[in-house]
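Here is a friendly briefing to read alongside your structure.

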Amino acid sequence: PDQLSASRATCEKLGLDGLVVIGGDDSNTNAAVLSEYFVEQGLGTVVTGVPKTIDGDMKGNGVETSFGFDTATKVYSELIGNICRDAASARKYWHFIKLMGRNASHVALECGLRTRANITLIGEEIDEMKATLNQVVELIALAVRRRAEAGRNYGICIVPEGLIEFIPEIRVLIGELNTILHDEAKYFESIKLFSDKQEFVNRKLSRDSSYAFSCLPVRIQQQLLLERDSHGNVQVSRIDTEAMLVEQVEERIDEWKTKGEFPGKFQVQGHFFGYEGRSAAPSNFDADYTYALGHLAAALIAFGKTGYICAVQNLAETPDRWTAAGVPLTSLMQMEMRKGRPTPVIGKALVR
């Protein structure tokens, strides 16, 4: 309530006809809340949303894509392509590349399609398979082994940033940890030793989640217990998912080596491409798209259409054939657990 009141005071002070909220699902959820609050308060400021996230998960119901996705995936694909070329030349390293994309694997999928990486993990596919962490590790290890048997001790594995939350037993674990760290925040912050933190959360976790937590490397356990973001979620960008996969794949390959079942070598380079892509100069598509979004946002404000998100459509065609529409923000919303309680938010569009 204090934040809503402060927002209203700022809009009144500045005499704003319109407020344009540029962002992803969380930012546009805030836009929906602000627009309804301003109407209730009799404030004339029109609130308009614009879809912006490189993750590509802000779409649906007329919103075809978010700006930034095209630029970022082109930059990442160029970087991955450079590594592909080096790997094919040097012929001695496996490169595990983590890409941004917290809740959806759109970035990983697009870059995998553009670069033809040897392995591209898609979180939604792993979720649909109900694959365990061990099964994901086995999948990667078998691909490495097949290439080694063909004399190719090198390759590329693309890992989406949010992969760990798509593995069913880890997702349940993270959900329980989020609730525990929210409900027991003050006490948890007072615990100094990590071993005591381990003991505390293991007492609170369900049996299956306690087992899943105990099986993870200590470094990953520590990262899972780091401070949550402003929405109460684990900060997956701070979890070394690619390093965890490498560590466990190495263990599997060592088992094969002791049995004489692995003929090659497994040397690894790890990478995380994040800000390199989201800070780039825009692609031609994104430049045209944002120009159109700006015009549409101004038009919605001019016509007093509050609580709408800009939806430029027919984007697969040339810009002269694009069409413009306003879509109610509430039509994109669904109920999700936030900080341990069901909350109306804009749903993230996952890879189908």
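The structure holds 16 salt bridges, each being a side-chain nitrogen of Lys or Arg within 4 Å of a carboxyl oxygen of Asp or Glu. Please keep in mind that this is a predicted model, where local features need pLDDT of at least 70, side-chain atom pairs count only at pLDDT 80 or more, and totals for chains, interfaces and linings use all residues. Residues are numbered from 1 along each chain as its sequence is written, and side-chain values use heavy atoms, with hydrogens and water left out.

**Salt bridges**

- Side chains of opposite charge can pair when their charged atoms come close.
- R219 and E247 meet through their side chains in a salt bridge, at 3.6 Å from N to O.
- That pair links distant parts of the chain, 28 residues apart: R219 sits in helix 11 (residues 218-224) and E247 in helix 12 (residues 241-258). Helices (H or I, at least four residues) and strands (E, at least two) are DSSP runs, numbered from the N terminus.
- R219 counts as partly exposed because its relative accessibility is 30%, and E247 counts as partly exposed at 28%. On this scale buried means under 20% relative accessible area, exposed means over 50%, and partly exposed lies in between (1.4 Å probe, protein chains only).
- E255 forms a salt bridge with R252, with the closest N and O atoms 2.9 Å apart. Both residues lie in helix 12, 3 residues apart, or about one turn of the helix.
- E255 is partly exposed, at 41% relative accessibility.
- A network of salt bridges links E138, R252 and E255.
- E317 pairs with R321 in a salt bridge whose closest N and O atoms are 3.4 Å apart. E317 is partly exposed, with a relative accessible area of 33%.

**Nonpolar cores**

- The largest nonpolar core has 47 residues, and L121, I140, L224 and L245 have the most contacts inside it. Such a core is a set of buried Ala, Val, Leu, Ile, Met, Phe, Trp, Tyr and Cys residues joined through side-chain atoms within 4.5 Å.
- Elements that each supply at least two residues of this core include strand 3 (94-99), strand 5 (155-160), helix 11 and helix 12.
- Helix 6 gives the largest share of this core, 8 residues.
- I140 touches F96, I119, L121, L245 and V249, not counting residues up to four places away in sequence; contact means heavy atoms within 4.5 Å.
- Another core, of 18 residues, lies apart from the largest one, and among its residues are A72, M100, C111 and I156.
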